[in-house]
Amino acid sequence: MRKITLPNDFLAEAARALAEGQKVKIHITGESMYPFIRSGKDVVEIVPCPPSGELPAWCCPFYRWEGRYMIHRYIGREGDDCLMLGDGNLARIERVKRNEVIGLLRYIYRPDGSVQDCTDARWLRRGAWWYRLRPLRRWLLPVMKRLGISL
């Protein structure tokens, strides 16, 4: 199968579909959500998110930040800003206005045919646990990648 990598602007089409109330599936590239989402292997399903209201704790919103579309973990609020951090990132926290959240990660489809429900309480708790391990990620991530471990 031939693989084509599209620019991030292509995700604007996904954002339009979500705004129209449709769900979208995207083949993920990038390491910012490893070990929960594996680049080039996993397909994610995103569902529309209303432009207001509180986000579920530890969910993974789809949003636009500094001209790029992203899926990162919601780690809390500070004033009017929603704070987002990629599971594979060590430090950079994005500040996003709530009305800029376009969708929410609903499912991860794995190459082996398994499906991860991203609203499952256990999966969300693993995300909270992983967030608390931030000081150790610098050492954990390379080892996990080398061993092929995902969460």
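The following legends describe an overall view and several close-up views of a predicted model.

**Figure 1. Overall fold of the predicted protein.** Three helices and nine strands make up the secondary structure, and their order along the sequence is α-β-β-β-β-β-β-β-β-β-α-α. Along the principal axes, the C-alpha atoms occupy a box of roughly 45 × 40 × 30 Å. The radius of gyration is 15 Å, in agreement with the value near 15 Å for a compact globule of 151 residues. Buried residues make up 43% of the 151. Of the contacts with a separation of 6 or more, 54% involve residues 24 or more positions apart.

**Figure 2. Salt bridge between Glu 31 and Lys 145.** The two side chains meet with an N to O distance of 3.6 Å. Glu 31 belongs to the loop between β1 (24-27) and β2 (43-48), while Lys 145 belongs to helix α3 (residues 137-147), so the bridge ties together parts of the chain that are 114 residues apart in sequence. Glu 31 is partly exposed, at a relative accessible area of 39%. Lys 145 is likewise partly exposed, at 42%.

**Figure 3. Salt bridge between Arg 77 and Glu 54.** An N to O distance of 3.4 Å separates these side chains. Arg 77 is located in strand β5 (residues 73-78) and Glu 54 in the loop between β2 and β3 (61-65); the pair, 23 residues apart, links distant parts of the chain. With a relative accessible area of 36%, Arg 77 is partly exposed, whereas Glu 54 counts as exposed at 54%.

**Figure 4. Salt bridge between Asp 117 and Arg 106.** The closest N and O atoms of this pair are 2.4 Å apart. Asp 117 is part of strand β9 (residues 115-117) and Arg 106 is part of strand β8 (residues 101-109), so the contact ties together parts that are 11 residues apart in sequence. Both partners are partly exposed: the relative accessibility is 26% for Asp 117 and 23% for Arg 106.

Note on methods. Residues numbered from 1 in each chain as written. Predicted model: local features only at pLDDT ≥ 70, side-chain atom pairs only at ≥ 80, totals over all residues. Heavy atoms only, no water. Salt bridge = Lys/Arg side-chain N within 4 Å of Asp/Glu carboxyl O. Helix = DSSP H or I, 4+ residues; strand = E, 2+ residues; numbered from the N terminus. Buried < 20%, exposed > 50% of the residue type's maximum accessible area, 1.4 Å probe, protein only. Rg over C-alpha atoms; globule rule 2.2 N^0.38 Å. Contact = heavy atoms within 4.5 Å.
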